[in-house]
Amino acid sequence: MLIRKLFSFEGAHVVRNCTSQRCARSIHGHSYKVEIFLECHQLDRGQMVYDFGLLKGDVRELIDAFDHTLVFWQEDDADYIEQCKQHSLRWIGLPVSPSAEQLSRVFFGLIDTLLQQTEMHNGEGNVVLQSVIVHETATGYAQCFREDAGNPQMGLIVPSAITYSHQIINEASGGALTRLSALPSLSREAT
Ligand SMILES: Nc1nc2c(c(=O)[nH]1)N=C([C@H](O)[C@H](O)COP(=O)(O)OP(=O)(O)OP(=O)(O)O)CN2
């Protein structure tokens, strides 16, 4: 059985090298929708795959870290990156371009890590992250499955390469970002 929980965030980006010139050459924003799909073939004591409420902690905090951010590709023009950091308190640097496809891969990897760290106390079965959908607009989305998340042809996403501005770290309410940042594989903004 599959269950799905929907999140949203507001974000801005440029996606270099894409065919759509407005997308490639102008900073623009999206009201992103993120759908998380969990799969399990067993129910817990509440006769649920996984209580939706459990996703309102770490996973919500992680997605909220992306809210009102300028997200850039770390291989973008150095001056552009510098200007992003100067003019936006909330920014995230990714080792891949911030297309819907790559954002879905980023979220898959990070949410998968958080779920694996979650202690289950209500007889949950083997709950696994089946896929993550990132909607950029009302008409376009990308869906990442496990094989996509780890596909080197799509670019390696080493979590330690993701950088968060101080403002994001400071505004995170505890839990998820702090724990992910404590992993050797996730880094904070360089000081
Ligand atoms: N496969 C992808 N194609 C495009 C992406 C993407 O991430 N993956 N991104 C963009 C741009 O970010 C753009 O802002 C969104 O493009 P588009 O869907 O064309 O947006 P519109 O609002 O113009 O769509 P309408 O259906 O005309 O409303 C481009 N492509």
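What share of the 191 residues in the protein do buried residues make up? In this predicted model, buried residues account for 47% of the 191 residues.

**Overall build**

The protein has seven helices and seven strands, and, read along the sequence, these follow the pattern β-α-β-α-β-α-β-α-β-β-α-β-α-α. The radius of gyration is 17 Å, close to the 16 Å that the globule rule gives for 191 residues, so the protein is as compact as a globular protein of that length. Among contacts between residues at least 6 apart in sequence, 70% join residues at least 24 apart. Some values for the whole protein are gathered here.

| Property | Value |
|---|---|
| Box filled by the C-alpha atoms, along the principal axes | roughly 55 × 35 × 30 Å |

**Helix H3**

Helix H3 spans residues 78-87, and within this helix Tyr 80, Ile 81 and Cys 84 are buried. These three cover an arc of only 100° around the axis, which puts them on the same side of H3. An α-helix has 3.6 residues a turn, so residues three or four places apart point the same way. The cover over the buried residues of H3 includes strand S3 (69-73) and strand S4 (91-94), whereas on the other side of the helix Ala 78, Gln 86 and His 87 are exposed. At the start of H3, a side-chain oxygen of Asp 77 reaches to within 3.1 Å of the backbone nitrogen of Asp 79.

Definitions and conventions
Residues numbered from 1 in each chain as written. Predicted model: local features only at pLDDT ≥ 70, side-chain atom pairs only at ≥ 80, totals over all residues. Heavy atoms only, no water. Buried < 20%, exposed > 50% of the residue type's maximum accessible area, 1.4 Å probe, protein only. Helix = DSSP H or I, 4+ residues; strand = E, 2+ residues; numbered from the N terminus. Arc of directions from axis to C-beta. Contact = heavy atoms within 4.5 Å. Polar contact = N/O pair within 3.5 Å; in protein donor to acceptor, adjacent residues only side chain to side chain. Rg over C-alpha atoms; globule rule 2.2 N^0.38 Å.
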